[in-house]
Amino acid sequence: MRIIRSGGTNASLTTNDPDYEVYGFGKYFMLQLKPQLDEIIGSGGKVAVCVAAKPNKDRYNEPLKAIGYDLDELIILGREDSANWEEYEAVTLLGGETQQLHNWLSRTGFSIDALKNCMILGGDSAGAYVLAAKTIVTYEPDGSSFEIIDGFMPDSNLLVAAHVNNPYYHLPALSEELK
């Protein structure tokens, strides 16, 4: 299984880009995966895109369509509390609220072992956080409060620090905690 973790996109990096609102996340993650995901879809495989981390479960529809995905060819996870993890050849966990995503994955029985047929597992932002040994959740913008919980890949010995150029995500207090 190929595992891909991405830090997501930061508006500060792309605000001069007129396509940011349409392509922002895709340029750095879903767009990069498109050739491999198209190949899986073209061979009749199932590609699941998890949107459980966002309150608005349709948030990614337009950006996915804008970069050439046919929503009818994707399995959009996160709108309901169910997933057939063993059926998917590729799974992407998109960003949003890390705790919300972690809770949803737990409720649906997500585990690396459950991904029996998965060739590509991708995590962007919150999705990258949960694909680690430890996951950062519930922190305040000033870095004064955060919690580290178990992630879904305990053997990885990783703690993902996405968005390292953004102080909201890359906390000085966390750096001290990890020393």
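User: Which elements do the buried residues of α5 pack against?

Analyst: This is a predicted model, in which local features need pLDDT of at least 70, side-chain atom pairs count only at pLDDT 80 or more, and totals for chains, interfaces and linings use all residues. Residues are numbered from 1 along each chain as its sequence is written, and side-chain values use heavy atoms, leaving out hydrogens and water. Helices (H or I, at least four residues) and strands (E, at least two) are DSSP runs numbered from the N terminus, and contact means heavy atoms within 4.5 Å. The buried residues of α5 pack against β2, β3, β4, α6 (126-130), β6 (134-137) and β7 (147-150).

User: Which residues of helix α5 are buried?

Analyst: Buried means under 20% relative accessible area, exposed over 50%, and partly exposed in between (1.4 Å probe, protein chains only). In helix α5, residues 98-107, the buried ones are Thr98, Leu101, His102, Trp104 and Leu105.

User: Within what arc do the buried residues of α5 fall, seen down its axis?

Analyst: The arc is that of the directions from the helix axis to the C-beta atoms. The buried residues line one face of α5, because they fall within an arc of 165°.

User: In what order do the five strands form the open sheet?

Analyst: Two strands pair if DSSP finds at least two bridges between them. Here the pairing is parallel, and the order is β1-β5-β4-β2-β3.

User: At what angle does helix α3 run to β4?

Analyst: Axes are lines fitted to C-alpha atoms, for helices over the stretch in contact, and angles run from 0 to 180 degrees between N-to-C directions. Helix α3 (residues 30-42) lies across β1, β2, β3, β4 and β5, and its angle to β4 is about 155°.
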